[in-house]
Every structure is written in structure tokens, then in C-alpha cells.
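This report goes with the sequence and model shown below. Please keep both in view while reading.

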Amino acid sequence: MREKYLITPQKRIEEIMNEIVFDGHFVYSAGGHGSKYFDKSWITFWPLLTAEICSEIASQWADENVEVVVGPAIGGIKLADRVAEALTLINKAKIASLSIEESIEESQVPEEGDGIIISSSYIVRIFDDSYVPEEIRKATIPALYTEKASDGSQVLKRGMELIEGKRTLIIEDIVNSGGSLLSSILACEKAGANIIGAHCLIDRSSGKVTPEFLGVEKFEALHLVEVDNFSAEECPLCKAGVPINTDRGHGQEYLNEIAAKQKQEE
Ligand SMILES: [Zn+2]
């Protein structure tokens, strides 16, 4: 019965995705109604699950010389962080034969308190990376995030100095219209980033979001799903009187709006 324990990464991703999909009557963030809801935040509540998912994403970009990872807030922040960590570990494994002690020239070895702490062959903390060999410095990949401006677009407010001219990968949780992903890409490009691609956990765009749409060479998804998405007026679940789920998605807000409208009309 050994087969039971053999599982491909793709199968494992499916297993995880099946755990976070809920059936019912939901209101999505863009206002559409449908019968399936992916509770993407559930994954990020569990660090090991997040790490597992993000390691899989990272492994698909391991040979692309990624230098910066960016996630659109809120969902992309934790994911970008763990993808950057996984890519850093992959990079370090690649150069594991290079020991930091050997590579720092004798004359450059900093005194204690100079802002670098070296633990065996790993750099634990770096305050001033001028002591660190280029190869190791490049191996450490920063994770940045773009955030929502008042007009709804994504803006890069922090870490601009880390992104200029760098090979940048954007990580998103769920792609529906692709709007926030595109907005995040544009914000990074504005800061001078060289966007090499984007990767999402779940692509629900039914093929609408493509590399061409995003203006990047490569757009990947861990999981592709087809879900029904109706306008509120045409929703068959509403017509059939199926109660709207208020625990997940934007059901409660939708019901509040309807109640407010009814009150106005009275
Ligand atoms: Zn409905």
C-alpha cells in the first residue's frame, strides 16, 4: 500500500484546493453571484500550508533568476513573502558549496558589532550588506507589496529602491477580472521593475486573463477553475430563493445594501 503515500505536487495542490472550496450561494467581491467560493485566506492562516503552496510556485520559477517578489495587498502579501523565502532557499541551496567564511576576504571580515552576524554558512541578519559577497546578496530575494489607493488602484509605496531594474515576479491569490493584478504590475513598472511574470493560486477568469492582458511574458496559475458568475439580477440562485451565505464573501454587505434600498423606498 505504498502508493497511498506517493503524491505528485499537482495532486497535492488539488487536495488543498478541495479543502478550501465551499458550495452555496455567494456574493463575490466584484458583485457577481455564484455557487462556489474559494476561501483563499484559509490557506494563509496556516504557515506550513502557505509554505507548501508557495514552495510549489517558487519551484516553477527557480530558473528564472527572480530578484524581487511582489504581492498585491491583502491576499498577495503573505504569499509573496513565502515565495521569496522559498526562492531564497533554492538560491542558497544552489550555492551551498560556497561558504561565507571562505568567500569573505580576510581584510573584509567585520569586527563584532559591525552589523553582520554569521551563523555557520548562513547569514542570519544583515544590517550592512557591503560585507556580503555579491553572489550571496543576490540570493536573498526581497518580498514587497503593493497596496490599494483610494481610487482602487494598486500602488507601490515602500521598497521602491529594491525594485528598480530588477527581475520581478508578482504573486496573487485569486484572479477574477485580473484588475488588481494588472494594477499591481503597472505600479511596479512605474517604479522601474522588469516584470518577468505573474503567478496566482487560483485563476477564475475563464481564460480572460492572459499574458497579453497583463503585458507580461508568463502568467501561471496553480489551479484553474470554472465557476458560475451571475449578475445579481440574473442570478438563478436568487430566483430560486437559495439563502445567501453571509459567512464567506460579500453576502452580508449585499443583504445590507438591499435592506437599505428597501428602507429608502418605503
Ligand atoms: Zn444570487
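The sections below cover the basis of the model, a sheet, a helix and one arginine.

## Basis

This is a predicted model, in which local features need pLDDT of at least 70, side-chain atom pairs count only at pLDDT 80 or more, and totals for chains, interfaces and linings use all residues. Residues are numbered from 1 along each chain as its sequence is written.

Helices (H or I, at least four residues) and strands (E, at least two) are DSSP runs numbered from the N terminus.

## The sheet

An open sheet of mixed pairing is formed by six strands, in the order S7-S6-S3-S8-S9-S10. Strands S7 (154-155) and S10 (219-224) each have a single partner strand, so one side of each is left without a neighbour in the sheet. Two strands pair if DSSP finds at least two bridges between them.

S6 (residues 143-148) and S7 run antiparallel and are joined by two bridges. Lys148 stands opposite Gln154 in S7.

## Helix H8

H8 (residues 179-190) has 12 residues and reaches 16 Å from its first C-alpha to its last. Its buried residues (20 or more other C-beta atoms within 10 Å of their own, C-beta atoms being placed from the backbone) include Leu181, Leu182, Ile185 and Cys188. Gly192, with a positive phi near 95°, follows H8.

## Arg82

Arg82 belongs to helix H4 (residues 75-94). Arg82 counts as buried because it has 24 C-beta neighbours inside 10 Å.

Beyond its neighbours within four places in sequence, Arg82 is in contact (C-beta atoms, placed from the backbone, within 7 Å) with Thr50, Ala51 and Cys54. The C-alpha atoms of Arg82 and Ala143 are separated by 8.3 Å, and the two residues are 61 residues apart along the chain.

Technical notes: The expected span of a helix is 1.5 Å times one less than its number of residues. A residue is buried if 20 or more other C-beta atoms lie within 10 Å of its own, exposed if 12 or fewer, and partly exposed in between; C-beta atoms are placed from the backbone. Two residues are in contact if their C-beta atoms, placed from the backbone, lie within 7 Å.
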